[in-house]
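Visitor: I have a model open and I'd like to learn how to read it, one feature at a time. Could you walk me through it?

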Amino acid sequence: MANEAKLKNIPPEGYEGGLIIDEMSIQQDLQLKKDKWKIELIGFTELSPESVVFDKLKSNKNERILASHALQLVFLGSTGFRFPFAHFPASTASGHELYLLVWQSVNRLMNFGFKIMFVSTDGAQTNRDLFKLLMPEFSSAKPVTCSFNNIYSNDKISFIMDVSHVIKKIRNNILKSGSESQCKRHMKFEGNFIEWNHFKTAYSWDISTHPFPVHHKLSQDHFYLTSEAKMRNHLAEDVLNADMYHLIGCHANKLWENQAYVKCYCQIIVKYKNSDSKF
């Protein structure tokens, strides 16, 4: 990684960046690895020596588990330099295992001149457990800054949720908002209700009125979501982007008895639009 940065002439500020933690599902398999006269079985979970001990203590058995996930650690520099520097076979890494890996990564990257300024994860339960371990005194009642001290340099490290996950979280909350019996909440913004039905109505008006829809990316999949569809980033991003803002503006004169909630949606979407988020 350090050699790659030198070859690309990364400036000093490019050595400062973040640690991105991502876990993906893989097919369980067992392989034989031969190195001269040494044969090794590959495919078991192997995050760290400590994690092996934790697994034995937790199960009270001396056995190995086949990996079902691959954990990837990526360095993302402030100038855009990206390098995946570690991969681990895992079986849904726990919060305490991630905690150890975070500090090992911070320490080793520092030894090669890289500085970690933030840690970014998605919203999986294990990552939320990591959040609690890194910031045990954090209070959601006063969420000023999600940061903690670097134990090796005493600098601040920020904890950031993945932007795509945040957008899905917003969409999922709006999805549950409405006056229907199946809706679990009825959200308000500055005194105006926010309902998923409003988004669906704008979409229905668009496809029934225009041969070439205003928001051409929208489909039934965006509004009638299955469990699998809820995990797809683009389905959430498409209903909270500039095209949706334009569609709501076009549909404004066709809405119920007043247009107050349209202004509410426009404010939300404009804030998202102006953030210049890249996915």
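Visitor: Let's begin with Asn154. Is Asn154 buried or exposed?

Guide: This is a predicted model, so keep that in mind throughout. Exposed means over 50% relative accessible area, and Asn154 has 57%, so Asn154 counts as exposed. You'll find Asn154 in the loop between S7 and S8.

Visitor: And what about the phi of Asn154?

Guide: The general idea first: most residues other than glycine have a negative phi. Asn154 isn't a glycine, yet its phi is positive, about 70°. Asn9 also has a positive phi, near 55°, and Asn9 is not a glycine either. Asn9 sits in the loop between helix H1 (2–7) and S1, and it counts as exposed at 65% relative accessibility.

Visitor: Back in the loop between S7 and S8, where does Asn150 come in, and is Asn150 buried or exposed?

Guide: Asn150 is placed in the loop that links strand S7 (147–149) to strand S8 (156–161). Buried means under 20%, so with a relative accessible area of 4%, Asn150 is buried. Setting aside neighbours within four places in sequence, Asn150 touches Trp103, Val106, Met110, Asp155 and Ile157.

Visitor: Now the sheet. How do I read the strand order?

Guide: Strands of a sheet pair through backbone hydrogen bonds, either parallel or antiparallel. Here, an open sheet of 6 strands runs in the order S5-S4-S1-S6-S8-S7, and its pairing is mixed. S5 and S7 are the edge strands, each pairing on one side only. On average, neighbouring strands of this sheet are turned by 25° against each other, direction ignored.

Visitor: Which strands show the parallel sense, and over how many bridges?

Guide: Strand S6 (residues 115–121) and S8 run parallel, joined by 4 bridges. To place that pairing on screen, pick Val119: its bridge partner in S8 is Phe159. For the antiparallel sense, look at strand S1 (residues 16–25) with S4, which pair over 9 bridges. There, Ile20 has Val74 in S4 as its bridge partner.

Visitor: Why is S4 described as largely enclosed?

Guide: Count the buried residues: 8 of the 9 in strand S4 (residues 69–77) are buried, so the rest of the structure largely encloses this strand. For the whole chain of 279 residues, 37% count as buried.

Visitor: Last one: how do I read a pair of packed helices?

Guide: Two packed helices are described by the angle between their axes and the distance between the axes. Take helix H6 (residues 196–209) and helix H9 (residues 242–251): their axes come within 10 Å and cross at roughly 75°. Angles of 65 to 115 degrees count as roughly perpendicular, and therefore H6 and H9 are roughly perpendicular to each other.

Visitor: Which residues meet there?

Guide: From H6 you get Phe199, Thr201, Ala202, Tyr203, Trp205 and Asp206, and from H9, Met244, Leu247, Cys250 and His251.

Methods:
Residues numbered from 1 in each chain as written. Predicted model: local features only at pLDDT ≥ 70, side-chain atom pairs only at ≥ 80, totals over all residues. Heavy atoms only, no water. Axes fitted to C-alpha atoms, helices over the stretch in contact; angles between N-to-C directions. Helix = DSSP H or I, 4+ residues; strand = E, 2+ residues; numbered from the N terminus. Parallel < 35°, antiparallel > 145°, perpendicular 65-115°, else oblique. Contact = heavy atoms within 4.5 Å. Buried < 20%, exposed > 50% of the residue type's maximum accessible area, 1.4 Å probe, protein only. Pairing = 2+ DSSP bridges.
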